[in-house]
Amino acid sequence: MRAKLAVLIAGLGVVAVSAPVLAHHSFAVEYDPKKPVEGTGVIQKVEWTNPHMRIYIDVTEPNGTVTTWNLELGAVNSVLRRGWKPADLKAGSTVSFKGYGGRKILTRAAADALTLPDGRSFTGASGAPDAPAKP
Amino acid sequence: MRSVAAFSIVVIGVSVSLLAQEPDRRGWWPKLGGEFTPTTPEEVANGPVPRMPDGRPDLHGPWVGGGSNGDVEADGGLKPGELPLLPWAKTLRDSRKEDDEPYLYCTPMSVPRVNPYPWNFLQSVTSKGPGTIYIVHENGDAGRIRHIFMDGRKHPDDLLPSWWGHSIGRWEKDTLVIDTSGYNDKFWMDSRGTPHTEQMHTVERWTRINYGTMTNDFTLDDPGAFSRPVQLTFAAKVQPPGSELMEFICTENNQYGIAAGIENKYRDSGFGLEVTPGEQK
């Protein structure tokens with residue numbers, strides 16, 4: 001019984017640690033959960049900055065025009081603590097993204113997930129970049 | 001057939017609009033938008049309280065938490081409505097919008113506010129023995145450094161109100177007691193907008209109860225905004241051994257508000273209470 005209780009407490013500890021914490025600001029203030037967005041494009045610029053990290057991605061539309069998306073992530077300190085490194089996200093590489101559009105400017109979006117050409121996916125939930133997807 | 005198609009479209013329309021119901025604004029979060037500061041695993045956290053050479057508890061962390069971010073009433077252990085706000089203060093809190101938090105413009109959080117980033121106690125030692133205790137916050141210009149004077153001095157009579165006030169400390173057995181006066185009224189105690197006045201006086205009682213946990217028994221007294229002193233309780237969790245604070249310069253690239261068209265209402269008015277204390281809006 002005592003062992004079971006210990007396991008239960010350990011489990012609760014894990015839940016408490018992985019539960020989302022409030023960010024520098026509430027994302028819902030700026031971004032709209034009713035506006036899910038996604039796309040694939042080329043990383044133009046990565047800003048490893050606080051209070052939030054940003055990735056600018058050039059997406060070529062079917063008609064040939066290029067839209068630059070400004071994706072907001074968490075604080076750069078949080079991203080680094082999850083195990084990301086600057087080498088993981090380089091300008092010029094192709095990346096797919098999912099996120100939520102800005103309440104006023106859709107292309108200023110909150111990033112929810114990023115997938116690199118090698119299959120690695122950053123979801124922010126695992127505590128480190130996910131392993132490459134199995135073929 | 002046409003009527004069946006029309007019916008289907010209506011049904012689809014209804015279900016789409018149901019799915020599109022906006023979730024609770026506090027509960028919805030994109031995964032990459034969440035913040036992350038690891039804390040020590042339970043088996044390490046349950047270890048003994050480390051000691052300084054003089055036998056006092058070593059309060060060094062770094063720590064996460066120990067205060068409130070979203071709602072000082074709920075996070076401090078009170079039931080809804082128990083925070084004894086004066087009518088004008090309650091009216092002001094209810095009128096404030098999370099979108100307009102001064103903190104979003106990189107101003108300091110002050111006390112007892114916390115954010116998801118770590119902070120630390122630094123217990124200085126001088127040639128005369130233990131000296132001033134400092135609290136350092138990772139959250140750079142929005143957090144900065146608090147000086148806790150341990151030499152027995154009093155609060156000056158002519159304090160200019162400031163973001164972090166004037167703090168004097170003492171030990172009561174293993175508890176570090178921090179008494180702070182001289183706060184300005186420019187910060188919000190939480191993103192809910194709980195207000196206070198320059199009469200605010202706080203007493204923090206920090207007790208490291210094991211390696212990984214430190215409680216903060218917090219007395220909040222502000223006759224300008226509350227009908228009586230109130231007692232709140234918070235807890236901080238330690239980061240894994242070897243963790244360090246990182247650089248965090250909030251003004252470096254703060255694009256807050258642009259995506260949603262939120263205007264900085266403080267650009268012209270400056271920060272501070274939107275009403276004169278006691279004034280009913």
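# Notebook: a two-chain model

I began with Glu72(A) and found that its bridge partner in β5(A) is Ala110(A). Helices (H or I, at least four residues) and strands (E, at least two) are DSSP runs, numbered from the N terminus. Two strands pair if DSSP finds at least two bridges between them.

**Ground rules.** I number residues from 1 along each chain as its sequence is written, with chains lettered from A and ligands numbered from 1 in the order in which they are written. The model is predicted: local features need pLDDT of at least 70 and side-chain atom pairs count only at pLDDT 80 or more, while totals for chains, interfaces and linings use all residues.

**Chain A, strands.** I listed three helices and six strands in chain A. Along the sequence they come in the pattern α-α-β-β-β-α-β-β-β. I then followed strand β3 (residues 66-72) of chain A, which runs antiparallel to β2 (residues 54-60) with seven bridges between them. In this pair, Tyr56(A) faces Asn70(A) of β3(A). The hairpin of β2(A) and β3(A) has five residues between the strands, and Gly64(A) there has a positive phi near 95°. β3(A) is also joined to β5 (residues 108-115) of chain A, in parallel, by three bridges.

I also noted a cis peptide bond between Asn50(A) and Pro51(A), with omega about 5°. Pro51(A) sits in the loop between β1 and β2 of chain A.

**Chain A, confidence.** I checked pLDDT, the predictor's confidence in each residue, from 0 to 100. Its mean over chain A is 78, with 73% of the residues at 70 or more. Residues 1-22 of chain A stay under 50, and the model gives them 13 contacts beyond four places in sequence. Residues 125-135 of chain A are also below 50, with 17 contacts beyond near neighbours in sequence. Two residues count as in contact if their C-beta atoms, placed from the backbone, lie within 7 Å.

**The cores.** I took a residue as buried if 20 or more other C-beta atoms lie within 10 Å of its own, exposed if 12 or fewer, and partly exposed in between, with C-beta atoms placed from the backbone. A nonpolar core is a set of buried Ala, Val, Leu, Ile, Met, Phe, Trp, Tyr and Cys residues joined through C-beta atoms within 7 Å. The largest has 31 residues, and Tyr31(A), Ile55(A), Leu71(A), Leu73(A), Ala109(A) and Ala111(A) touch the most other members. Elements of chain A that give two or more residues to this core include β1 (31-47), β2, β3 and β5. The largest share, four residues, comes from β5(A). Apart from this core lies another, of 15 residues, with Phe121(B), Ile178(B), Trp206(B) and Ala236(B) among them.

What does Tyr31(A) touch, not counting residues up to four places away in sequence? I found Tyr100(A), Gly101(A), Gly102(A), Arg103(A), Ala109(A), Ala110(A) and, in chain B, Ala259(B).

**Chain B, strands.** I listed six helices and nine strands in chain B. Strands β7 (residues 201-208) and β8 (residues 213-221) of chain B run antiparallel, joined by eight bridges. They form a hairpin with four residues between them, and Glu204(B) has Phe218(B) in β8(B) as its bridge partner. β8(B) pairs in turn with β9 (residues 230-238) of chain B, antiparallel over eight bridges. Here Thr219(B) stands opposite Gln231(B) in β9(B).

**Chain B, loops.** Pro62(B) is in the loop between α2 and β1 (63-65) of chain B.

Is Ser110(B) buried or exposed? Ser110(B), with phi of about 65°, is buried because 27 other C-beta atoms lie within 10 Å. Its place is the loop between α4 (87-95) and β2 (119-126) of chain B. Lys173(B), with phi near 55°, is exposed because it has 7 C-beta neighbours inside 10 Å. Lys173(B) is in the loop between β5 (166-172) and β6 (175-181) of chain B.

Trp29(B) lies in the loop between α1 (2-19) and α2 (42-45) of chain B, and it counts as buried because it has 24 C-beta neighbours inside 10 Å. Gly261(B), in the loop between β9 and α6 (266-269) of chain B, is exposed because 11 other C-beta atoms lie within 10 Å.
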